[in-house]
Amino acid sequence: KSGNENVPTNFEFVFKYNKNIYVYGFTINRESILEEHLNLIGKTTEKIIFERITLSNKQVEVKLGNKIKNTNDTQFLKFVAKSTRPNKLFLTQAEEQNVKAFSDAYDWFKSALTIIYPETKYEKIDLLVNATQKLCEIYSNFFELFDTGIEGILTEELDLQKDMTEIPGVIKNEIMRNLKKDHIGIINLPNHQRYTVYIDDNKEFKALKLFTRHKMDSGKEINFEIKNESDGTKRLIDLIPALLSLINQEMVFIIDELNRSLHPNLTYNLIKVFLENSKDNESQLIATTHEINLLDLNLLRRDEIWFIEKDKDQQSQLYSLEEFKPRYDKDIKKGYMLGRFGAIPVIHKIKDLGWV
């Protein structure tokens with residue numbers, strides 16, 4: 001909307017970590033973080049942990065709640081506040097200064113929250129497959145479950161200097177200069193081939209190349225380079241580690257365009273596998289999608305289905321299916337396509353294009 005470009009934007013997150021419920025939020029404009037707060041939610045009360053404001057002179061001022069009781073800690077946090085730039089989060093500054101009082105909130109963003117974009121690649125697949133036979137078995141089970149026609153997954157180890165002739169020497173040299181022990185490097189080539197590069201225990205530079213294993217009609221097994229697999233298979237290979245993390249740990253994954261390159265039935269069953277195998281933990285999967293087959297009350301509750309629609313000012317509005325109170329036996333997918341819940345494009349007459 002015209003004039004809103006200078007209006008401050010507010011973000012707020014409510015999350016559970018280490019059995020505590022927190023509210024963390026901040027307000028920003030083009031220049032500064034105007035306000036920031038972290039609160040602890042109890043059964044009947046909400047307690048302030050800290051409140052930060054940026055004053056007109058660009059100084060950061062922080063008010064501490066009752067959780068910080070030690071006088072020395074209070075004095076140190078006031079020093080941390082003064083050293084915080086107006087465009088930097090106090091939560092980040094405190095963590096960098098080794099303040100442990102707010103670690104739950106920082107660790108949730110760092111370790112428990114993961115965002116997967118449509119082009120996100122899981123960079124450690126090669127290393128984990130190379131090191132863990134159990135993961136190979138898990139991949140094989142998923143490939144069979146989702147009827148991919150793939151028998152398994154494996155890696156081939158290469159010597160960065162001797163074996164990888166398709167990579168220019170100048171690039172190899174740069175990688176070897178910059179790569180550190182216990183770190184990995186990713187090489188993406190124009191032919192869609194990807195290598196994971198690392199330093200082994202003998203201080204030699206190694207590269208891993210990922211393959212899938214297929215069984216021919218004759219019973220003979222053959223390995224396919226990942227670059228020769230379909231986009232859907234590549235997407236599935238990158239999503240399976242996220243699914244395992246959600247099932248085995250208390251994580252929050254946000255997956256943008258979950259259905260990207262995936263068959264509708266595969267997208268449906270990814271959600272189903274997560275829901276059926278995460279009943280004993282508090283993981284959460286938040287996904288954006290255009291896949292209407294997920295509009296199924298046998299799969300999701302009404303309050304788990306949300307729509308996004310642009311209003312006349314081109315502002316995105318978010319609202320839940322729960323607001324419509326449909327009957328339990330109503331065909332949600334049909335109702336959506338008929339426009340009962342909004343959030344569908346309005347397609348004008350083709351002849352209005354003036355082509356005919």
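Start with helix 7 (231–248). Helix 7 gives five residues to the lining of the second largest pocket, the most of any contributor. Helices here are DSSP runs of H or I with at least four residues, strands are runs of E with at least two, and both are numbered from the N terminus.

Before going on, note that this is a predicted model: local features need pLDDT of at least 70, side-chain atom pairs count only at pLDDT 80 or more, and totals for chains, interfaces and linings use all residues. Residues are numbered from 1 along each chain as its sequence is written, and side-chain values use heavy atoms, with hydrogens and water left out.

**Stop 1: the pocket**

Select K121, H192, D231, K234 and D238. Of the 21 lining residues, these lie nearest the centre of the second largest pocket. The space there comes to about 510 Å³. Helix 4 and helix 7 are the elements that give two or more residues to this lining.

How is a pocket found? On a 1 Å grid over the protein atoms alone, it is an open set of points where a 1.4 Å probe fits, with protein on both sides within 12 Å along at least five of seven lines; lining residues have an atom within 4 Å of a point. Grid points are joined across faces, edges and corners, and the volume is the space filled by probe spheres set on the points.

**Stop 2: the cores**

A nonpolar core is a set of buried Ala, Val, Leu, Ile, Met, Phe, Trp, Tyr and Cys residues joined through side-chain atoms within 4.5 Å. Buried means under 20% relative accessible area, exposed means over 50%, and partly exposed lies in between (1.4 Å probe, protein chains only).

Which residues of the largest nonpolar core touch the most other members? Select V129, Y139, I237 and F307, out of 46 residues in that core. Among the elements that each supply at least two residues are helix 4 (125–131), helix 5 (133–145) and helix 8 (264–277). Helix 7 supplies the largest share, nine residues.

Zoom in on Y139. Leaving aside residues up to four places away in sequence, Y139 touches I125, V129, I153, I237, I240 and P241. Contact here means heavy atoms within 4.5 Å.

Now select Y17, V60, A112 and V252. They are included in a second, separate core of 25 residues.

**Stop 3: aromatic rings**

The whole structure holds 19 aromatic pairs. Rings of Phe, Tyr and Trp (its six-membered ring) pair if their centres lie within 6.5 Å; planes under 30 degrees apart count as stacked, over 60 as edge-to-face and the rest as tilted.

Select F142 and F146. This pair is stacked, with 5.9 Å centre to centre and 25° between the planes. Both F142 and F146 are buried.

Next, select F11, F13, F15, Y22, Y24, F26, W108 and F109. Together they form one aromatic cluster.

**Stop 4: salt bridges**

There are 17 salt bridges in the structure. Each one is a side-chain nitrogen of Lys or Arg within 4 Å of a carboxyl oxygen of Asp or Glu.

Select E36 and R52. Their closest N and O atoms are 2.8 Å apart. E36 lies in strand 3 (residues 33–41) and R52 in strand 4 (residues 46–54), so the pair ties together parts 16 residues apart in sequence. E36 is buried at 0% relative accessibility. R52 is also buried, at 0%.

Move to E257 and R260. Their side chains meet in a salt bridge of 3.6 Å, N to O. E257 is partly exposed at 31% relative accessibility, and R260 is partly exposed at 29%.

R302 sits in the loop between strand 13 (284–287) and strand 14 (306–310), and E322 in the loop between strand 15 (316–320) and helix 9 (332–337). Buried or partly exposed: which is R302? R302 is buried, with a relative accessible area of 14%. E322 is partly exposed, at 26%.

**Stop 5: A94, then zoom out**

Select A94 in helix 2 (residues 90–96). A94 is buried at 0% relative accessibility. Beyond residues up to four places away in sequence, A94 touches V80, V99 and F102.

Now show the whole protein. The secondary structure comes to nine helices and 15 strands. Of the 356 residues, 39% count as buried. The C-alpha atoms fill a box of roughly 70 × 60 × 50 Å, taken along the principal axes.
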